Amino acid sequence: RITRETIRRQSKRGCSYSFQQRRTFFKVIKQYERGVTFTLGKLSAVKNPGPRICLPVLQTMQIVDMRTNVRELSGQEIITRDNVAASISAVAYYRVENPTIATLEVKDYHSAITELIQTELRDSLCQEDFNSLLNQRHKLSEDIENNVAQIAKKWGVKIERVQMKNIDLVDPIMVRALAKEAEASREKIAAMIRAEGELEAARKLREAADLVSQQENALELRRLQTLEKLGAERGKQTV
């Protein structure tokens with residue numbers, strides 16, 4: 001028996017199905033997106049921003065974000081060439097340059113780029129000394145960026161920047177050892193500065209002695225100046 005409630009339910013289902021069909025028929029692509037379209041499983045077009053038609057059943061569309069992505073890599077533990085355990089954190093900036101290649105050549109380019117940078121960080125930095133990591137941080141970051149960019153280009157992804165953020169020591173004993181090394185280095189520099197000062201003073205004294213020896217009255221004048229200074233001080237007698 002067909003009642004009014006049954007008719008009302010059927011009409012609601014029909015409207016919902018019709019709206020669902022229209023929603024899958026039209027695709028709205030945003031300004032920062034591209035739509036990679038497949039017709040019967042075969043690549044047919046790359047849609048630009050705006051309202052686009054996608055035929056149900058026959059076509060599928062995969063939306064690709066063209067904006068710059070930021071991926072932070074923290075806690076990458078390595079052992080340097082001089083056997084120092086360190087923890088490296090870095091940040092990577094990348095974006096899709098070719099949406100077609102990024103869709104066809106790699107399943108998940110976000111995970112692929114992350115794993116690639118992590119591997120390159122370990123392989124490159126393990127061949128360097130710990131002091132080189134501290135002193136040549138920017139150069140090492142550029143080398144890692146260039147190596148990763150060559151591989152990422154095959155996936156349609158452009159690496160904009162890879163930069164190391166923090167370099168931390170894992171072992172507290174190494175922290176104290178490096179602190180002692182830095183203190184010894186500072187003491188060495190201070191000793192060298194004192195030695196250079198004494199050498200310069202000795203040279204000046206020799207030049208002064210040579211100058212005084214060339215003048216007959218210079219030595220007597222110097223003696224009188226010294227007596228004058230001693231006489232100005234109270235409680236002292238000059239014999």
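This is a predicted model: local features need pLDDT of at least 70, side-chain atom pairs count only at pLDDT 80 or more; totals for chains, interfaces and linings use all residues.
Student: What makes up the secondary structure of the protein, and how much of the protein is buried?

Tutor: The secondary structure comes to 7 helices and 8 strands, and of the 239 residues in the protein, 25% are buried. The protein exposes about 17500 Å², of which carbon and sulfur atoms supply 52%.

Student: How do you know that the length of α5 agrees with that of a helix?

Tutor: Helix α5 covers residues 137-152, which is 16 residues, and at 1.5 Å a residue it should span 22 Å; because its end C-alpha atoms are 22 Å apart, the two values agree.

Student: Which residues of α5 are buried, and why can they be said to line one face of the helix?

Tutor: The buried residues of α5 are L140, S141, I144, E145, V148 and A152, each of them having under 20% relative accessible area. Seen down the axis of α5, these buried residues fall within an arc of 140 degrees, so they line one face of the helix. What covers them includes α3 (109-125), α4 (130-135) and β8 (157-169).

Student: Why is the pair K139 and D143 called a salt bridge?

Tutor: The closest N and O atoms of K139 and D143 are 3.3 Å apart, and the cut-off is 4 Å between a side-chain nitrogen of Lys or Arg and a carboxyl oxygen of Asp or Glu, so the pair qualifies as a salt bridge. Both residues belong to helix α5, and because they are 4 residues apart, they are separated by about one helical turn.

Student: Are K139 and D143 buried, exposed or partly exposed, and how do you know?

Tutor: The relative accessible area is 48% for K139 and 32% for D143; partly exposed lies between under 20% for buried and over 50% for exposed, so K139 is partly exposed, and D143 is therefore partly exposed as well.

Student: What makes R203 and E200 a salt bridge, and where do they lie?

Tutor: Their side chains meet at 4.0 Å, N to O, and the cut-off is within 4 Å, so the pair is counted as a salt bridge. R203 and E200 are 3 residues apart in helix α6 (residues 172-214), and therefore about one helical turn separates them. R203 is partly exposed at 42% relative accessible area, and E200 is partly exposed at 37%.

Student: How do you know that the salt bridge of D129 and R81 links distant parts of the chain?

Tutor: The side chains of D129 and R81 meet at 3.2 Å, N to O. D129 lies in the loop between α3 and α4, whereas R81 lies in the loop between β6 (69-79) and β7 (85-96), and the two are 48 residues apart. R81 has 54% relative accessibility, which is over 50%, so it counts as exposed; D129, at 23%, is partly exposed. The structure holds 6 salt bridges, this one among them.

Student: What makes β6 and β7 a pair of strands, and what lies between them?

Tutor: Two strands pair if there are at least two bridges between them, and 9 bridges join β6 to β7, so they pair; they run antiparallel. β6 and β7 form a hairpin with 5 residues between them, and N83 in the turn has a positive phi of about 60 degrees.

Note on methods: Residues are numbered from 1 along each chain as its sequence is written. Side-chain values use heavy atoms; hydrogens and water are left out. The expected span of a helix is 1.5 Å times one less than its number of residues. Buried means under 20% relative accessible area, exposed over 50%, partly exposed in between (1.4 Å probe, protein chains only). The arc is that of the directions from the helix axis to the C-beta atoms. Contact means heavy atoms within 4.5 Å. Accessible areas come from the Shrake-Rupley method with a 1.4 Å probe; for residues, only the protein chains shown count as cover.
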